[in-house]
Every structure is written in C-alpha cells, then in structure tokens.
Amino acid sequence: PARTPSSRAVPAKSARFQGMIQIDVIPNDNFRLRAHASPPQPPPSVGAAFRWDRETWGHALRCVPLEASAQHLFTSKQLRLPANGSDADTRQAWSALAASMGATPDTMLRVKQVHGNVVRVVTREGVTATTTAGQPEGDAIVSNAPGLVLAVVVADCVPILLSDRTSGTVAAIHAGWRGTCAGIAMTAVQAMDRTFGTRPED
C-alpha cells in the first residue's frame, strides 16, 4: 500500500527569515525542506482614540486627539531601534523612522536614558547645529523648536508624549518604574510650565 508523507513544522532559526520550515518525511526516510514565510501578523486592536498606519518599515500607532496638535507616532517591534546602536542597520532604521515623520535623522533629539527624573529642555532660541549631535543623560525632552523631533526608546517601560496646543510645546518621556516613582511625567509638565508657560489643561 502507498504511504502518504508525514509532515512536521519547526521554527526557523535564521535572523532574516521569520516563518516556518516544513520537513516532509517520505517512506524511504529521505526528506526535503520547504521554507515558507508566515503571513504578516495584523496589529492588535486599539480603541477609537488610536489608529494604525502602515509605514515602509511596518505599523505605526498614532493617537488621534494628539495628532491635532503634534505630529507623532509610536513604533512597533517591526522597527529595530536600539537606544545606543551605531551599526548600519540601526542608522537605517532611525532614518526610516525620521522619514515617517517627514524629517531627517539630523533633526532628531534623543537622550541617554537613565531611569531617573532629569528633563532636558531645548528652546527655539537654543537650537544650534550641534543640538542633535549628542545624547545628554535624561529621561524626558521638552521643546518648542519647530521641526525638532523628540524621541525616546522603551522596552517594558512606558512612552509618554505630551503636547501643549497653545504654546506649541511638546515632550517625549521615558517612564520606567524608577522614573515613574521619581515623578518623571510631572517633572516634565513642570518644565513645560516653567519654561514655556504651559497649563496642564492645555
């Protein structure tokens, strides 16, 4: 009698291939490998205040009410963005992110995140050619400078984006449990108030 081949699937180990490798076993104990990519996974469902947009690198999450006063996005794990990476792939990823904001990497300001409550403030008048060159220590950035892109990187921490629709001031906050206990979000709001006259209701 004829025997039909049996099949089993094992996860692919290649860093560049995310899918399954199917092993087909045939009666004479020979086998052949078939690789096939898993279909792209849809992003998770979100409430009415958020929406997913398709970018060149994957899905970006945007907050609809925040969009009225500040261009922004939250990336997904489809875009690899190590906080302090310097290899070519990382530079390309940051460039892709900047392009999704209609910007270039040299307009992006980041901080060396230390899980504290230090807020870095950059005023419109204080922007220079070297403003985005370094990464000073801190866990929040506040600015009213047009065209400057503020960015934080999180894993299991919380990214918080704030916008003052009256003064045009924005903030990007990295809120881990240590920073949250230290009041990083409130410290950022206080810096917006102290420097740019932001009122919490705005």
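Some conventions come first. The model is predicted, and local features therefore need pLDDT of at least 70, side-chain atom pairs count only at pLDDT 80 or more, and totals for chains, interfaces and linings use all residues. Residues are numbered from 1 along each chain as its sequence is written, and side-chain values use heavy atoms, with hydrogens and water left out.

I begin with the chain as a whole. It has 4 helices and 11 strands; these are DSSP runs numbered from the N terminus, with helices (H or I) of at least four residues and strands (E) of at least two. Of its 202 residues, 36% count as buried. Buried means under 20% relative accessible area, exposed means over 50%, and partly exposed lies in between, with a 1.4 Å probe and protein chains only. The accessible surface comes to about 12,500 Å², and carbon and sulfur atoms hold 55% of that; the areas come from the Shrake-Rupley method with a 1.4 Å probe, and for residues only the protein chains shown count as cover. Among contacts (heavy atoms within 4.5 Å) between residues at least 6 apart in sequence, 42% join residues at least 24 apart.

I turn now to the second largest pocket. Its volume is about 910 Å³. A pocket here is an open set of points on a 1 Å grid over the protein atoms alone, where a 1.4 Å probe fits, with protein on both sides within 12 Å along at least five of seven lines; lining residues have an atom within 4 Å of a point. Grid points are joined across faces, edges and corners, and the volume is the space filled by probe spheres set on the points.

Which residues lie nearest the centre of this pocket? They are Leu73, Met101, Leu150, Ala151 and Leu161, from a lining of 40 residues. Helix H2 (88–100) and strands S9 (149–150), S10 (158–164) and S11 (169–175) each give two or more residues to that lining. The largest share, 4 residues, comes from S10. By class, the lining has 29 nonpolar, 10 polar and 1 charged residues. Ala, Val, Leu, Ile, Met, Phe, Trp, Tyr, Cys and Pro count as nonpolar, Asp, Glu, Lys and Arg as charged, and the others, Gly among them, as polar.

Leu161 lies in strand S10 and, at 23% relative accessibility, counts as partly exposed. Leaving aside neighbours within four places in sequence, Leu161 is in contact with Leu66, His72, Leu73, Phe74, Ala171 and Ala172. The C-alpha atoms of Leu161 and Leu150 are separated by 9.3 Å.

Ala175, in strand S11, is buried, with a relative accessible area of 7%. Beyond neighbours within four places in sequence, its contacts are Cys157, Val158, Ile160, Thr180 and Ile184. Ala175 and His115 are 60 residues apart along the chain, with 7.4 Å between their C-alpha atoms.

His115 sits in the loop between strand S6 (108–109) and strand S7 (119–122). His115 is partly exposed, at 36% relative accessible area. Most residues other than glycine have a negative phi. His115, although not a glycine, has a positive phi of about 60°.

Finally, is Asp53 buried or exposed? Asp53, in strand S4 (residues 50–55), is buried, because its relative accessible area is 18%. Its side chain joins that of Arg62 through a polar contact of 2.8 Å.

Note on methods: Polar contact = N/O pair within 3.5 Å; in protein donor to acceptor, adjacent residues only side chain to side chain.
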